[in-house]
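Please have the model open as you read.

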Amino acid sequence: WFGPFSHVHHTIIQHHDHVIAMRIQVAFVVASAMIGCLFSTTTLAVLICTPDDVTIQCDHSACAEHVPGSCFNTTDLKQSLVPDMRACYGDLDPELMNAAMLWNEITNRGIPSLVIAEGVGTFESKHMQIDIALTFDHWDIVDRKVLEILAVSPNDPHALFVQAVYGSQGVLASVDAADVAAIIETMEQVAPETGKAVDRTLADVSMVWNHEFLHPFVPGYTVEWQDHCESGMDTDNIRELFPTFACEFVPDEFSPSSLAIIAFGSADTNQLEARIEAVRELAALYPQAVILATGGALATDRAEGDLMLEAMPEYQDRIVVDRLARDTIGNCLAISEYVLQNDIGNIFSLTSTFHSPRALMACRGVFQRLGIDARTHMVAAGNNVQAPLGNWSDANQAWLETEYGGTGRFRAIEIPMTNRDFSRGRALFTMCDFEALEESTDDDASGCSSMLVLIAFICSFQQFILYI
């Protein structure tokens with residue numbers, strides 16, 4: 001394994017005709033979706049209530065706080081964001097559609113969605129609960145549902161994939177890291193394509209965390225920006241994870257003609273402001289670069305993409321605004337069509353330092369899936385969450401090192417979730433995706449939910465504004 005870009009580059013050279021076919025397929029889906037959207041007038045704002053007699057147990061306080069029979073309003077806005085969680089499960093079982101719609105709303109850390117799915121009680125609902133729980137880091141629920149599925153269907157590719165990938169990260173109580181090799185060996189016999197996908201995921205994610213992340217690029221050429229980039233990373237606890245971490249300046253000779261800066265939005269004010277300042281610095285160094293400002297209005301009064309545009313009026317003629325992304329994988333899905341259509345050759349992936357590997361790998365997964373041949377480069381804007389850019393605090397350090405049950409942000413969230421988002425980018429997330437993978441020997445067979453996600457993106461394409 002030589003890392004994800006090497007694989008993509010090799011694939012493009014060796015399978016050029018297939019890449020052309022993939023692009024034709026994407027174009028066909030885009031055209032079909034745009035025609036379908038002309039006739040779509042269905043409102044998505046409804047009232048959904050959880051069952052009166054169903055509860056769910058988990059380690060998070062949101063489980064204990066949930067009141068059976070609680071009702072929640074959905075909104076057109078959140079139902080239109082990307083990715084659309086209704087794909088796969090809402091199509092397999094109409095009873096799961098309400099759970100999927102509340103999943104789209106990100107309501108109460110997914111607990112109402114999980115309760116509804118628990119009440120449905122089907123085999124498909126157990127798979128859905130795995131994916132909802134993965135979205136909200138409910139590792140105990142993930143572990144429990146995987147075991148329930150494997151007790152009935154021991155060769156289930158979705159459950160085996162989850163068990164192997166997240167068991168390797170030490171976040172599933174029933175799986176010891178030493179057991180993962182045996183799980184993969186089983187998959188090679190009963191679900192060979194899924195076994196290959198596990199191997200690829202673990203190899204590429206390990207590469208980015210253990211090598212690329214040790215030397216991310218600095219947004220600017222000043223010592224001050226280098227300090228921002230490395231904020232919070234020079235303690236014994238963090239050094240145990242990343243012993244040689246040091247931010248580096250972009251080489252002077254780097255000056256590609258085709259360049260984009262992906263500016264990842266955030267609902268957190270400190271993170272967003274730090275990222276905006278980093279984008280401003282980087283954009284000044286590369287006046288040829290288009291800025292892809294991506295982020296929907298999930299927890300802000302306006303889309304995160306718009307907030308970035310408004311903060312950088314000097315770059316309005318270079319900014320592409322996305323208002324559709326629900327999360328990190330949504331960011332990458334939302335900008336992928338622009339990257340594909342404009343044949344962008346190099347991309348700076350700019351986000352907070354702790355988020356950099358996950359954001360980079362989410363986009364690499366999407367790009368690999370769509371046959372996008374672009375070199376992606378990690379640019380880190382610091383770890384400011386509890387404190388604004390230029391400041392630091394004990395609370396911010398604790399957030400990195402000891403919160404999330406004592407393990408800190410990297411161990412509890414970012415590293416295991418990089419596996420999730422890279423896989424989602426490659427359309428390997430729902431039970432539909434894994435069934436489709438095993439039904440075909442073609443490495444590039446599409447999961448059944450991946451094109452539905454793309455259609456949802458196209459249906460809201462009028463919100464994706466180009467300011468050039």
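D137 is partly exposed, since its relative accessible area is 23% (buried means under 20%, exposed over 50%, partly exposed in between, with a 1.4 Å probe and protein chains only). You will find D137 in the loop between α8 (123-135) and α9 (139-152); helices here are DSSP runs of H or I with at least four residues, numbered from the N terminus. Its phi is near 65 degrees, a positive value in a residue other than glycine.

This is a predicted model, in which local features need pLDDT of at least 70, side-chain atom pairs count only at pLDDT 80 or more, and totals for chains, interfaces and linings use all residues. Residues are numbered from 1 along each chain as its sequence is written, and side-chain values use heavy atoms, leaving out hydrogens and water.

R109 also has a positive phi without being glycine, and the table sets out both residues.

| Residue | Phi | Relative accessible area |
|---|---|---|
| R109 | near 55 degrees | 30% |
| D137 | near 65 degrees | 23% |

R109 sits in the loop between α6 (97-105) and α7 (111-120).

Another backbone detail is the cis peptide bond from V82 to P83, with omega near 0 degrees. P83 belongs to the loop between α4 (76-79) and α5 (89-92).

Y221 is partly exposed at 34% relative accessible area, and lies in the loop between α12 (192-210) and α13 (223-229).

How values were computed
Helix = DSSP H or I, 4+ residues; strand = E, 2+ residues; numbered from the N terminus.
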